[in-house]
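Thanks for coming. Please look at the sequence and the structure on the screen, and I will walk through a few places in turn.

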Amino acid sequence: MNAAVYGGPGEIRIEERASPEIEEPTDAVVRITHTAICGSDLWFYRGDEEHEEGAPVGHEPMGIVEEVGDDVRHVEPGDHVFAPFAFSCGKCESCRKGLHTACTDGGFFGPNGGLGAQAEKLRVPLANWTLVRIPDRYDDDEAVLESLLPLTDVMATGHHAAVCAGVEAGDTALVVGDGAVGLCGVLAAKRLGAERIIAMGHHEDRLDLARDLGATDVVSARGEEAVEKARELTGGGANHVLECVGATSALKTAASVVRPGGDIGYVGVPHLEDADFVGQLFFKNASFTGGPAPVRAYAEELMADVLQGMLDPSPIFTKTVDLDGVPEGYEAMDDREAIKVMVKPDA
């Protein structure tokens with residue numbers, strides 16, 4: 001099969017690899033029909049993370065089950081499924097707490113785990129719990145499938161940020177970041193009933209989309225000017241802040257705009273130059289809660305809303321490529337020419 005692999009900073013290659021096979025009785029093999037390039041993939045693409053050359057890439061799988069191990073009962077060949085960016089057992093203490101990204105026996109798709117979803121096929125460990133089955137009647141509904149694809153990561157991650165920030169009906173929520181996760185954070189805050197949603201970012205086209213998705217206000221300034229504008233809009237700061245980037249500047253902004261006693265939900269993968277923002281949180285008695293989203297804990301409720309037409313995160317996809325176009329997709333996202341790239345290997 002063909003698969004996208006890491007070739008070093010600024011390089012993604014398409015290579016011929018052996019097709020995956022069942023290795024454990026709890027495995028499934030999935031033929032990928034849809035996947036995506038994530039903003040977090042840009043960290044290693046830009047050289048900010050180190051991985052071995054040739055490591056498979058991609059962590060947002062959707063496809064059709066081709067084969068299952070002897071212990072797999074939840075899905076069967078022919079089922080259309082999607083999977084979170086992390087696989088999990090559903091039984092250990094962490095999973096029972098709803099923290100599937102800390103599963104004792106689990107792991108992550110992508111270069112860290114050696115299982116890449118930007119490929120024709122993918123081996124999925126712990127398939128009984130990891131795979132989410134899409135009802136049969138939507139197998140050929142391309143619009144629904146494209147709306148479900150963000151549930152593999154960015155929509156559930158934006159939702160996790162909103163949950164960790166304590167967003168409830170009638171609240172004012174402030175979203176730091178205008179990438180796919182930040183835009184999904186806007187959707188999540190709206191879904192949870194926020195009355196006012198302020199999106200902070202640097203790209204006018206993305207902030208326009210944020211408005212379309214439910215933002216009531218946007219802040220496009222940078223640095224201290226952005227902080228001052230956000231404080232002005234919120235009367236001194238927000239009680240509920242979603243940090244959706246992970247860069248030092250975004251974390252500092254979140255710490256600067258949260259009210260004393262407020263809540264920050266942080267879901268951007270941290271890449272810190274310094275942690276001075278912690279001092280602000282300490283003296284504000286502000287909570288700072290988050291981490292990698294336990295997608296599996298949210299999958300069914302978010303899928304139900306998509307299938308009922310109440311949630312549609314698909315507008316975050318602004319470019320679609322086939323598998324051979326994955327290197328082009330990385331380049332487009334790195335150059336800010338695309339918000340998020342959808343990959344259809346069979347296209």
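This is a predicted model: local features need pLDDT of at least 70, side-chain atom pairs count only at pLDDT 80 or more; totals for chains, interfaces and linings use all residues.

Start with alanine 28, which stands opposite valine 68 in E4. That pair belongs to two strands, E3, residues 28–37, and E4, residues 62–68, which run antiparallel and are joined by 6 bridges.

Which residue in E5 is the bridge partner of isoleucine 64? The partner is histidine 80. As a general point for reading strands, side chains in a regular strand alternate between the two faces of the sheet.

Next, the helices. Glycine 158 sits in helix H5, which covers residues 154–164. Is glycine 158 buried or exposed? Its relative accessibility is 0%, and buried means under 20%, so glycine 158 counts as buried. Glycine 158 also has a neighbour from elsewhere in the chain: glycine 185 is 27 residues away in sequence, but the two C-alpha atoms are 3.9 Å apart in space.

Helix H9, residues 248–257, is mostly covered, with 8 of its 10 residues buried. Among the buried ones are Leu251, Ala254 and Val257. Thr248 and Thr253 are on that list too.

Glu204 forms a negative surface patch together with Asp205, Asp208 and Asp212.

Last, two backbone angles. Most residues other than glycine have a negative phi. Leucine 126 has a positive phi, near 50°. Where is leucine 126? It lies in the loop between strand E8, 121–124, and helix H3, 127–130. With a relative accessible area of 19%, leucine 126 falls under the 20% cut-off and is therefore buried.

Asparagine 285 has a positive phi as well, near 50°. This residue is in the loop between helix H10, 277–284, and strand E15, 287–290. Is asparagine 285 buried or exposed? Its relative accessible area is 65%, and exposed means over 50%, so asparagine 285 is exposed. To put the pair together, leucine 126 is buried, whereas asparagine 285 is exposed.

That is the end of my part.

Terms used. Residues are numbered from 1 along each chain as its sequence is written. Side-chain values use heavy atoms; hydrogens and water are left out. Patches are made of residues with over 30% relative accessible area and no salt bridge: like charges are joined within 9 Å, nonpolar side chains (Val, Leu, Ile, Met, Phe, Trp, Tyr) within 5 Å. Accessible areas come from the Shrake-Rupley method with a 1.4 Å probe; for residues, only the protein chains shown count as cover. A salt bridge is a side-chain nitrogen of Lys or Arg within 4 Å of a carboxyl oxygen of Asp or Glu. Lys and Arg count as positive and Asp and Glu as negative; His and the chain ends are not counted. The place of a charge is taken as NZ of Lys, CZ of Arg, CG of Asp or CD of Glu. Two strands pair if DSSP finds at least two bridges between them. Helices (H or I, at least four residues) and strands (E, at least two) are DSSP runs, numbered from the N terminus. Buried means under 20% relative accessible area, exposed over 50%, partly exposed in between (1.4 Å probe, protein chains only).
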